[in-house]
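Subject: Structure handover

Hello,

Here is the structure for you to look at. My notes on what was found follow below it.

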Amino acid sequence: MGVCGGYLAYVFWLRGVQAIGPDKAAIAFNLVPVFTLLVNLLLGQIPDASQVAGMVAVLAGVLVFNRWLRWPATPRQRAV
């Protein structure tokens with residue numbers, strides 16, 4: 001199961017990189033811990049506060065990078 005599952009995951013990952021490009025695939029790779037936490041929730045594990053904080057930080061970073069969430073501009077950036 002481990003060898004076949006690991007192999008298939010790698011093949012699907014490479015096909016995804018080909019389909020959407022390496023820049024978008026790198027962003028999706030950051031979501032692995034988020035989905036791991038969600039699977040643990042489905043299995044009945046309660047996350048710690050640090051795990052929830054990490055999930056929020058990862059999601060915020062992905063949203064800011066994809067420009068779905070705007071980071072507040074500094075006064076110097078507003079003047080330009």
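Which pattern does the chain follow, read along the sequence? The pattern is α-α-α-α-α. Please note that this is a predicted model. The chain holds five helices and zero strands.

Surface first. Of the 80 residues in the chain, 10% are buried. The chain's accessible surface is about 6,900 Å². Carbon and sulfur atoms account for 69% of that surface.

There is a nonpolar patch on the surface. Its members are Tyr10, Trp13, Leu14, Phe29 and Val32. Together they have about 510 Å² of accessible area. Helix 1, residues 2-20, supplies the largest share of the patch, with three residues.

Now to Trp13. This residue lies in helix 1.

Next, the helix pair. Two packed helices are described by the angle between their axes and the distance between the axes. The axes of helix 1 and helix 2 (residues 22-29) come within 7 Å. They cross at roughly 130°. Helix 1 and helix 2 are therefore oblique to each other. On the helix 1 side, Trp13, Val17 and Ile20 make the contact. On the helix 2 side, the contact is made by Pro22, Asp23, Lys24, Ala25 and Phe29.

Best regards

Technical notes:
Residues numbered from 1 in each chain as written. Predicted model: local features only at pLDDT ≥ 70, side-chain atom pairs only at ≥ 80, totals over all residues. Heavy atoms only, no water. Helix = DSSP H or I, 4+ residues; strand = E, 2+ residues; numbered from the N terminus. Buried < 20%, exposed > 50% of the residue type's maximum accessible area, 1.4 Å probe, protein only. Areas by Shrake-Rupley, 256 points an atom, 1.4 Å probe, with all protein chains shown as cover. Patch = residues over 30% accessible without salt bridge, like charges linked within 9 Å, V, L, I, M, F, W, Y side chains within 5 Å. Salt bridge = Lys/Arg side-chain N within 4 Å of Asp/Glu carboxyl O. Axes fitted to C-alpha atoms, helices over the stretch in contact; angles between N-to-C directions. Parallel < 35°, antiparallel > 145°, perpendicular 65-115°, else oblique. Contact = heavy atoms within 4.5 Å.
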